[in-house]
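Biologist: I am new to this structure. Please take one part, the salt bridges, and walk me through it closely. Then show me what surrounds it.

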Amino acid sequence: MARAGLHVRVIEGSETAGGGCRTGELTLPGFRHDICSAVHPLAAASPFFRSIDLAARGATLCTPKVAFAHPLDGGRAAAVAGSVEETAGGLGRDAGAYRRLFGPLVRDVGLTLPEILAPLRSVPRHPLAMARFALDGLPPATVLARRLHTEEGRALLAGVAAHSMLPLSAPVTSAFGLLLTMTAHAVGWPVVEGGSGRLAGALLAELAALGGEVETGRWVSSLDELPPARAVLLDLTPSQLIAVAGDRLTGRHQAALRRFRYGPGVCKVDWALSGPVPWQAAACREAGTVHLGGTLAEVAHSEAEVTAGRLPGRPYCIVAQPGVADPTRAPAGQQTLWAYCHVPSGSAVDASGLIEAQIERFAPGFRDLILARSVRTAADLEKYNPNYVGGDINSGAGTLLQTVLRPTPRWNPYRTALPGVYLCSSSTPPGGGVHGMCGVGAARAALADLHISPPV
Ligand SMILES: Cc1cc2nc3c(=O)[nH]c(=O)nc-3n(C[C@H](O)[C@H](O)[C@H](O)COP(=O)(O)OP(=O)(O)OC[C@H]3O[C@@H](n4cnc5c(N)ncnc54)[C@H](O)[C@@H]3O)c2cc1C
């Protein structure tokens with residue numbers, strides 16, 4: 001909006017701007033932890049972030065050699081690193097199947113990614129490439145995994161598909177796994193030097209350079225509190241829109257917003273460690289991200305339990321070790337570690353013991369390295385940022401219906417029923433993650449209504 005020449009004022013409830021991109025010393029002095037997002041394939045691939053000279057604005061992306069690894073018992077692991085060919089080379093009997101699956105998808109990534117990171121409601125500009133992605137991505141991950149033959153290959157797919165926060169038997173779970181793996185080959189899975197907060201810092205610098213203003217420490221509870229504006233873009237989820245708009249919304253629109261479904265929550269843990277995690281499998285020691293949970297069957301069981309409202313005994317966990325690519329996060333020789341597991345929505349249970357048991361399973365001796373830990377339950381996360389309803393870090397379930405018709409079945413997903421008021425949060429397409437494309441879609445809708453051409 002600022003690039004289009006409008007005066008922009010950002011109002012943020014917290015004392016610091018940044019939402020899911022903040023970094024802080026959560027454990028001990030000198031240990032810099034990403035409070036929410038840590039790993040940024042979506043920012044690296046996003047047309048919006050690519051339009052900003054991030055390094056010049058203070059955010060340097062550091063890409064680990066191994067994008068993600070998935071250990072199994074007995075010191076085995078599968079990993080995605082470098083090109084499709086390099087990764088296939090490490091997958092033994094699954095090399096051919098991996099090449100056949102990812103070769104065409106990665107070849108076409110430049111065509112499909114911009115369409116996947118936009119509302120899926122118009123005729124695709126590259127129908128053949130998109131049809132291939134859709135055909136592979138639509139089935140559940142448990143079905144796509146049948147194309148792989150080894151326990152390692154199947155676990156690798158399960159671990160990346162489980163980012164969907166859905167049971168792996170649900171449609172479109174494959175699409176999450178494919179998309180994230182495509183980004184691993186196309187741009188890597190980087191962390192931000194010094195922490196994700198610098199990405200928010202880069203956006204603030206960009207906005208300031210364009211004459212925009214930011215006001216922090218002001219929670220908005222009603223649209224009536226906002227200054228007059230030609231367009232109001234709300235970084236809120238549907239339930240918060242109902243709360244701030246009050247009686248202004250028609251009953252019909254309120255009913256549509258109430259049908260929006262949130263996903264499960266997460267329990268997030270950060271550790272200060274006296275040294276690197278002693279993973280048994282070498283690939284995990286070089287990976288920025290490690291997916292834990294064992295075999296495909298175990299990961300599928302864990303995700304099914306969470307969906308059924310139960311905390312699994314051996315949860316699927318996502319672990320990020322930024323120190324692999326960014327030595328600035330901790331004092332020399334020491335490390336920060338970041339992890340979460342999926343938990344039932346709104347859970348106030350501290351799952352750190354279960355997550356530590358999963359890490360210890362694949363990295364014996366891990367517990368001996370712990371200097372300090374910080375835990376945020378799903379309930380804590382919602383208190384920290386009301387957009388994480390019930391601890392749902394994607395601000396809405398990634399079901400098939402809500403992949404296509406997110407947040408409501410309106411033709412333009414960013415427009416609300418109130419003229420001049422738009423939703424720009426990750427409850428809108430393309431959904432959760434740090435990519436800025438929800439904001440781009442909302443800004444385009446607002447500019448179109450104001451008859452202002454969008455900036456290139
Ligand atoms: C633990 C965790 C780990 C994650 N890991 C990753 C990852 O590794 N990679 C990745 O790409 N994504 C990750 N995500 C997801 C990512 O952070 C979010 O998808 C993204 O931040 C969503 O952006 P957003 O603009 O929709 O909302 P947010 O970033 O949540 O921003 C919303 C902002 O609005 C403010 N706000 C809300 N209500 C009001 C109000 N009434 N008045 C004033 N201000 C208000 C909030 O304080 C917040 O600053 C993670 C999220 C969490 C919580």
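Modeller: What follows starts with the salt bridges and then turns to the ligand and the surface.

This is a predicted model. Keep that in mind throughout.

Start with the count. The model holds 22 salt bridges. The idea behind them is simple. Side chains of opposite charge can pair when their charged atoms come close.

Arg361 sits in helix H15, which covers residues 352-362. Asp73 sits in the loop between strand E5 (66-72) and strand E6 (76-81). The two are 288 residues apart in sequence, so this pair ties together separate parts of the chain. Are these two partners buried or exposed? Arg361 counts as buried, because its relative accessibility is 15%, and the cut-off for buried is under 20%. Asp73 is partly exposed, because its relative accessible area is 39%, which lies between the limits of 20% and 50%.

This pair does not stand alone. Asp73 and Arg361 belong to a network of salt bridges that also includes Glu298 and Arg314.

Next, go to Asp326 and Arg329. They form a salt bridge too, and their closest N and O atoms are 2.7 Å apart. Both Asp326 and Arg329 are buried.

Now move to Asp449 and Arg415. Here the closest N and O atoms of the salt bridge are 2.7 Å apart. Asp449 lies in helix H18, residues 437-449. Arg415 lies in the loop between H17 and strand E15 (421-423). The partners are 34 residues apart, and the pair links distant parts of the chain. Asp449 is partly exposed, at 35% relative accessibility. Arg415 is partly exposed as well, at 28%.

Stay in helix H18 for a moment. Gly441 lies in this helix. Gly441 counts as buried, because its relative accessibility is 12% and the limit is 20%. Between Gly441 and Thr428 there are 8.7 Å in space, C-alpha to C-alpha, and the two are 13 residues apart in sequence.

Now turn to the ligand.

Which residues place polar atoms by the ligand? Arg22 is one of them: a polar atom of its side chain lies 3.3 Å from an oxygen atom of the ligand. Val39 brings a polar backbone atom, 2.8 Å from a nitrogen atom of the ligand. Ser426 also uses its backbone: an N or O atom there is 2.8 Å from an oxygen atom of the ligand. On its own, the ligand has 1000 Å² of accessible area, and the protein covers 89% of that.

Finish on the surface. Helix H17 comes back here, as the helix of residues 400-404 that holds Leu401. Leu401 is exposed, because its relative accessible area is 60% and the cut-off for exposed is over 50%. Leu401 is part of a nonpolar surface patch of about 400 Å².

How values were computed
Residues are numbered from 1 along each chain as its sequence is written. This is a predicted model: local features need pLDDT of at least 70, side-chain atom pairs count only at pLDDT 80 or more; totals for chains, interfaces and linings use all residues. Side-chain values use heavy atoms; hydrogens and water are left out. A polar contact is a pair of N or O atoms within 3.5 Å; within protein, one must be able to donate a hydrogen and the other to accept it, and residues adjacent in sequence count only if both atoms are side-chain atoms. Accessible areas come from the Shrake-Rupley method with a 1.4 Å probe; for residues, only the protein chains shown count as cover. Patches are made of residues with over 30% relative accessible area and no salt bridge: like charges are joined within 9 Å, nonpolar side chains (Val, Leu, Ile, Met, Phe, Trp, Tyr) within 5 Å. A salt bridge is a side-chain nitrogen of Lys or Arg within 4 Å of a carboxyl oxygen of Asp or Glu. Helices (H or I, at least four residues) and strands (E, at least two) are DSSP runs, numbered from the N terminus. Buried means under 20% relative accessible area, exposed over 50%, partly exposed in between (1.4 Å probe, protein chains only).
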